[in-house]
Amino acid sequence: MPRRGGCGCATVTRACFKSPVCPEGLGTHSPTAARGGAPSRVVGRRRSPPPAFGGRYPQRSPPPALQSHAPSPAGPRPYGRDDATFKTGPSGHGGEERARRRAARGYVGRGRHDGGVPEGDTVWLTARRLHAALAGRELVRADLRVPQLATVDLTGRRVLEVVPRGKHLLTRLDGDTTLHSHLRMDGSWHLYAPGERWRGGPEHQVRAVLGDEERTAVGYRLPVLALLATQDEPQVVGHLGPDLLGPGWDAAQALRRLAAEPGRPVGEALLDQRNLAGIGNVYVAELCFLRGVTPWTPFGEVPAPQKLVVLAKRLLEANKARPGHVTTGDTRRGRMHWVYGRAHQPCLRCGTAVRGGEHGPADQRRVAYWCPRCQRGPVPDEWA
Ligand SMILES: [Zn+2]
């Protein structure tokens with residue numbers, strides 16, 4: 001009967017107990033792994049318990065054009081560290097674009113960025129905290145600072161719930177109204193007490209302000225912010241595949257959607273939210289490492305692809321209640337990821353220098369990291 005580590009993973013060795021790094025990347029062996037997750041402070045005192053977090057699942061409908069709700073202009077470049085009351089968006093350590101540029105010019109990451117780009121677990125945590133702060137409350141302050149919503153007045157509306165759908169945030173208000181937002185690369189939400197200094201970035205980066213007498217939620221650099229009827233939510237999230245952290249998660253359906261294009265590179269297929277919703281580029285790099293394939297491997301050639309889907313679910317579930325995307329079980333800076341953000345550093349498993357490059361279609365290039373020894377499969381000629 002093999003012993004299991006604190007993470008419950010099947011691959012437990014003597015080293016597994018000695019090292020905080022789980023061989024399967026699923027563990028929390030390190031006592032430091034328990035850090036994080038809790039809001040940095042409790043703001044105000046709740047007058048009544050909010051509705052349960054989670055929300056009803058929207059009806060599926062044929063996928064319409066996703067951006068029919070006119071996203072706002074992209075916000076300015078990211079700022080420095082995120083030291084706001086709680087972190088709901090990118091880590092503030094750079095973001096995907098910066099990571100891509102760094103990798104392209106051979107940047108030797110020091111693990112300072114935990115991915116930068118919100119993934120499904122980040123959005124889930126954001127929704128949970130916004131829900132706890134706003135649900136059941138009447139808005140006394142509602143300021144939407146995007147041109148198409150500049151004249152909208154939501155004051156007096158009651159927030160019913162805030163729910164995540166993949167990487168989308170749906171703030172449902174009474175009167176059959178939903179405020180749809182998406183963090184994309186740089187967006188984030190912050191909560192502040194009355195009189196507290198807003199620290200999420202310059203004033204001109206504020207896109208949304210929602211609050212009552214006790215708390216204010218401020219959305220910074222939200223590239224998508226739109227109002228729609230709640231019953232029309234399928235127009236903006238109906239195209240999504242099974243939601244990894246949603247109540248309707250369906251692994252078999254996600255696998256069927258992925259397998260429908262067996263020749264598509266696995267990295268691209270995992271990023272396509274129509275296949276399964278919630279995976280971003282950090283998890284793509286880490287999932288490919290953990291399954292021993294390069295991001296360019298055709299999905300049809302990935303061994304035991306069902307394990308890829310199961311692993312994706314486990315990783316997001318393990319991280320949804322804390323900031324960051326820890327895939328190694330080690331929350332120490334620079335050791336949270338096996339390969340992501342670690343170009344030119346030794347692979348945590350075999351010691352070979354991790355490589356950095358790009359993957360994805362020409363118009364959606366994303367940074368790629370992989371270990372040439374631990375991961376098998378095709379790589380572009382320039383990185384072969
Ligand atoms: Zn390796």
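**Ground rules.** I number residues from 1 along each chain as its sequence is written.

**Confidence.** I looked up pLDDT (the predictor's confidence in each residue, from 0 to 100). The protein chain has a mean of 77, and 70% of its residues reach 70 or more. Over residues 57-97 pLDDT stays under 50, and the model has 108 contacts beyond four places in sequence for that stretch. Residues 99-115 also stay under 50, with 47 contacts beyond four places in sequence. A contact here means two residues whose C-beta atoms, placed from the backbone, lie within 7 Å. Where pLDDT is low, the predicted coordinates should not be read in detail.

**Sheet order.** I took strands (E, at least two residues) and helices (H or I, at least four) as DSSP runs, numbered from the N terminus. I call two strands paired if DSSP finds at least two bridges between them. Four strands make an open sheet, ordered β1-β6-β7-β5, with antiparallel pairing. β1 (141-144) and β5 (188-192) are the edges; each has a single partner strand, so one side of each lacks a neighbour in the sheet. From one strand to the next the twist averages 20°.

**Around β7.** I checked the partners of this strand next. β6 (residues 206-211) and β7 (residues 216-220) pair in the antiparallel sense over five bridges, and a hairpin of four residues joins β6 to β7. Gly211 stands opposite Thr216 in β7, and Val206 stands opposite Tyr220. β5 and β7 are also antiparallel, over five bridges; His190 has Val218 in β7 as its bridge partner.

**Burial of β7.** I counted a residue as buried if 20 or more other C-beta atoms lie within 10 Å of its own, with C-beta atoms placed from the backbone. Five of the five residues of β7 are buried. Thr216, Val218 and Tyr220 point one way from the strand, and Ala217 and Gly219 point the other way.

Key
This is a predicted model: local features need pLDDT of at least 70, side-chain atom pairs count only at pLDDT 80 or more; totals for chains, interfaces and linings use all residues. Axes are lines fitted to C-alpha atoms, for helices over the stretch in contact, and angles run from 0 to 180 degrees between N-to-C directions. A residue is buried if 20 or more other C-beta atoms lie within 10 Å of its own, exposed if 12 or fewer, and partly exposed in between; C-beta atoms are placed from the backbone.
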